[in-house]
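Me: Could you take a close look at the strand pairing in this one and walk me through it? I'd like the neighbouring side-chain contacts too, in one go.

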Amino acid sequence: MQAVTFEASCPFEIGDKIQTGKRVHTITDIVCMHHVKNREIKFLYELDNNRKLVFLAFAKEIEDAE
């Protein structure tokens, strides 16, 4: 097996609120996926504790309305 290292920075943190379309979601988990063959790093997110991982291509963090 080949050993690899990588350095990545996730654009979001757990607890951040994001808007997708007209819905507002809370990020409840983050998975970092590293593809060794093509040297690609992707982040997958669980939203609202729904146990499904999604890739957020164009989501933006929203500010709390406090």
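Reply: Residues 17–20 make up strand 1, and they pair antiparallel with strand 2, residues 23–35, through 4 bridges. Keep in mind that this is a predicted model. Within that pairing, Gln19 sits opposite Val24 of strand 2. The two strands make a hairpin with 2 residues between them, and Gly21 in the turn has a positive phi of about 65 degrees.

Strand 2 also pairs with strand 3, residues 40–47: the two run antiparallel and are joined by 8 bridges. Here Met33 faces Lys42 of strand 3 as its opposite number. This hairpin has 4 residues between the strands, and Arg39 is the one with a positive phi, near 55 degrees.

Besides standing opposite Met33, Lys42 lies over the face of Phe55, 5.8 Å from the ring centre.

The structure has 1 aromatic pair, made by Phe12 and Tyr45: the ring centres are 5.5 Å apart and the planes are at 80 degrees, so it counts as edge-to-face. The pair ties together distant parts of the chain, since Phe12 belongs to the segment before strand 1 while Tyr45 is in strand 3, 33 residues apart.

Definitions and conventions
Residues numbered from 1 in each chain as written. Predicted model: local features only at pLDDT ≥ 70, side-chain atom pairs only at ≥ 80, totals over all residues. Heavy atoms only, no water. Pairing = 2+ DSSP bridges. Phe/Tyr/Trp six-rings, centres within 6.5 Å; stacked < 30°, edge-to-face > 60°. Lys NZ or Arg CZ within 6 Å of the ring centre and 35° of its normal.
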